[in-house]
Amino acid sequence: MASDGAASPRPISPAERIDSIDVLRGLALLGVVAINVVTEFRVSIFEQFLSHTRPALPIDNAVETILTLAVEMKALALFSLLFGAGLAIQFERLANSERRTSLLVRRLAVLLVFGLLHLCLIWNGDILTEYALAGLIVLPFLFGPRWLVAVAALASLGLYLAMQAFPPPGWWPSTAAMRQDVVEAHRIYATGGFLDVLAFRLRELPLFAPLHVFIFPRTIGLFLLGAFAWRTGILRNPPRHLLFAIAAACIGLGAALILCHAGGFIARGRIGALAEPLGTILLALGYGAGIIGIANLDSGKKLLGWAAPLGRMAFTNYLMQSLIFGWIFYGYGLGLFGRLGVASALAVGVAVYTGQVFFSAWWLRRYRYGPVEWLWRTLMYGAAQPMLLLKVEAAR
């Protein structure tokens with residue numbers, strides 16, 4: 001007789017979730033909000049690759065420096081690690097189901113559809129499309145042994161670092177193309193209607209593609225690293241002393257590499273080009289290990305527990321942020337594109353994030369999943385999932 005898991009695979013229930021992973025996802029979302037609102041909604045993403053021509057207040061320069069050194073790309077790396085771990089969790093939970101492969105492929109295919117809709121209709125800074133494609137590449141490796149997952153992770157991260165030191169010629173947009181895009185972005189995003197913004201967003205896609213190409217191997221490598229971390233048990237039953245040791249080592253070395261690179265203390269050229277991307281990966285690993293370690297302490301649960309509901313609804317909150325920031329910054333809403341400094345834009349992002357903290361807690365006291373999470377699970381399993389939270393479950 002088939003087991004229950006084989007006969008009727010189902011999503012994980014709220015009571016079965018690992019709070020520390022949700023906490024980490026919720027905190028990583030804060031970093032993603034900060035970077036997205038400052039570098040991609042406030043102004044054109046390509047401004048960061050060009051020389052600054054507009055004067056900025058000292059507080060804006062200070063905030064931008066802190067975000068660049070401590071947050072930029074690190075929060076996204078954490079999300080990649082967590083997505084890989086989540087894929088491994090799903091793979092393990094469906095082990096007794098004959099539909100395991102088809103369900104996981106469907107899960108990623110649905111994510112791809114969501115990503116393409118988000119990319120084209122809402123915001124071209126979308127990361128869901130890349131995650132879906134990377135997940136389809138990573139999925140076959142999960143059928144292999146743990147050592148294969150680790151080797152594939154190191155190989156992918158090695159390829160990513162090699163591409164930073166030896167970038168493929170002709171892939172990166174020219175300076176002239178980026179400058180022209182920045183000028184058009186300030187005109188259309190700030191004043192255009194929805195259809196004007198939509199048309200320009202689609203025209204920008206060829207310029208965005210190389211940015212994804214350059215980090216795609218990193219995304220695959222971090223997915224695999226997250227899956228490896230789950231399989232080792234470090235996320236399931238974390239050894240606290242080991243986690244804090246890993247956190248201290250990775251944060252220390254990663255921060256040193258990034259600061260030395262920023263200060264010009266590491267030789268420029270091929271070797272120097274590796275310092276910042278390698279430091280980013282190490283810093284993200286350090287953040288993750290430290291937060292997981294703290295979140296598994298009794299005092300840490302009280303300190304960071306507020307982030308868990310946000311992490312459980314990360315998909316919904318991510319898409320909500322795009323809708324909200326699009327209305328705030330684009331011409332069909334308040335039209336603040338290009339008008340706010342870094343500090344002011346960050347304050348807007350933190351305000352939206354704070355609102356989502358309260359909204360997520362309120363929602364999950366009544367429902368099992370966020371609305372987009374519910375739809376994702378329903379489409380994956382091909383059957384409507386229970387949404388209302390029973391009183392017994394809510395009391396736990």
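**View 1. Phe49 is placed in the loop that joins α2 and α3.** The model shown is predicted: local features require pLDDT of at least 70 and side-chain atom pairs count only at pLDDT 80 or more, whereas totals for chains, interfaces and linings use all residues. Residues are numbered from 1 along each chain as its sequence is written, and side-chain values use heavy atoms, with hydrogens and water left out. Helices (H or I, at least four residues) and strands (E, at least two) are DSSP runs, numbered from the N terminus. Phe49 has a relative accessibility of 35% and therefore counts as partly exposed; under 20% relative accessible area is termed buried, over 50% exposed, and the range in between partly exposed (1.4 Å probe, protein chains only). Neighbours within four places in sequence aside, Phe49 is in contact (heavy atoms within 4.5 Å) with Trp172, Met178 and Leu211. The C-alpha atoms of Phe49 and Val105 are separated by 36 Å, the two residues being 56 residues apart along the chain.

**View 2. Helix α3 spans residues 58-70.** Its 13 residues reach 18 Å from the first C-alpha to the last, close to the 18 Å expected at 1.5 Å a residue; the expected span is 1.5 Å times one less than the number of residues in the helix. Asp60, Val63 and Leu67 are the buried residues of α3. They lie on the same side of α3, because they cover an arc of only 70° around the axis, the arc being that of the directions from the helix axis to the C-beta atoms. An α-helix has 3.6 residues a turn, so residues three or four places apart point the same way. The buried residues of α3 pack against α2 (19-41) and α15. On the face turned away from this buried side, α3 carries the exposed residues Pro58 and Ile66.

**View 3. Met73 has a positive phi of about 70° although it is not a glycine.** Most residues other than glycine have a negative phi. Met73 is located in the loop between α3 and α4. With 27% relative accessibility, Met73 counts as partly exposed.

**View 4. A salt bridge joins Arg25 and Asp22.** The term denotes a side-chain nitrogen of Lys or Arg within 4 Å of a carboxyl oxygen of Asp or Glu, and a search of the whole structure finds 2 such salt bridges. The closest N and O atoms of Arg25 and Asp22 are 2.9 Å apart. Arg25 and Asp22 are separated by about one helical turn, because they are 3 residues apart in helix α2. Both of these residues are buried.

**View 5. Arg236 and Glu92 meet through their side chains in a salt bridge.** The N to O distance is 2.7 Å. Arg236 belongs to the loop between α9 (194-232) and α10 (240-263), and Glu92 to helix α4 (residues 74-93), so the pair ties together parts that are 144 residues apart in sequence. Arg236 is partly exposed, with a relative accessible area of 33%. Glu92 is partly exposed as well, at 37%.

**View 6. Arg100 is found in helix α5 (residues 100-122).** Its relative accessibility is 16%, so Arg100 counts as buried. Not counting residues up to four places away in sequence, Arg100 touches Phe91, Leu94, Ala95 and Phe143. Between the C-alpha atoms of Arg100 and Phe216, which are 116 residues apart along the chain, the separation is 25 Å.

**View 7. Met163 is situated in helix α7.** Helix α7 (residues 146-165) has 20 residues and reaches 29 Å from its first C-alpha to its last, close to the 28 Å expected at 1.5 Å a residue. Among the buried residues of α7 are Val149, Leu157, Tyr160 and Met163. Met163 counts as buried because its relative accessibility is 11%. Residues up to four places away in sequence not being counted, Met163 touches Pro168, Trp171, Val213, Phe214 and Pro217. Met163 and Ile215 are 9.0 Å apart in space, C-alpha to C-alpha, and 52 residues apart in sequence.

**View 8. Phe194, Leu195, Trp327, Tyr332 and Leu334 make a nonpolar surface patch of about 520 Å².** Patches consist of residues with over 30% relative accessible area and no salt bridge, like charges being joined within 9 Å and nonpolar side chains (Val, Leu, Ile, Met, Phe, Trp, Tyr) within 5 Å. Accessible areas come from the Shrake-Rupley method with a 1.4 Å probe; for residues, only the protein chains shown count as cover. Leu334 lies in the loop between α14 (314-329) and α15 (342-364). The relative accessible area of Leu334 is 45%, so this residue is partly exposed.
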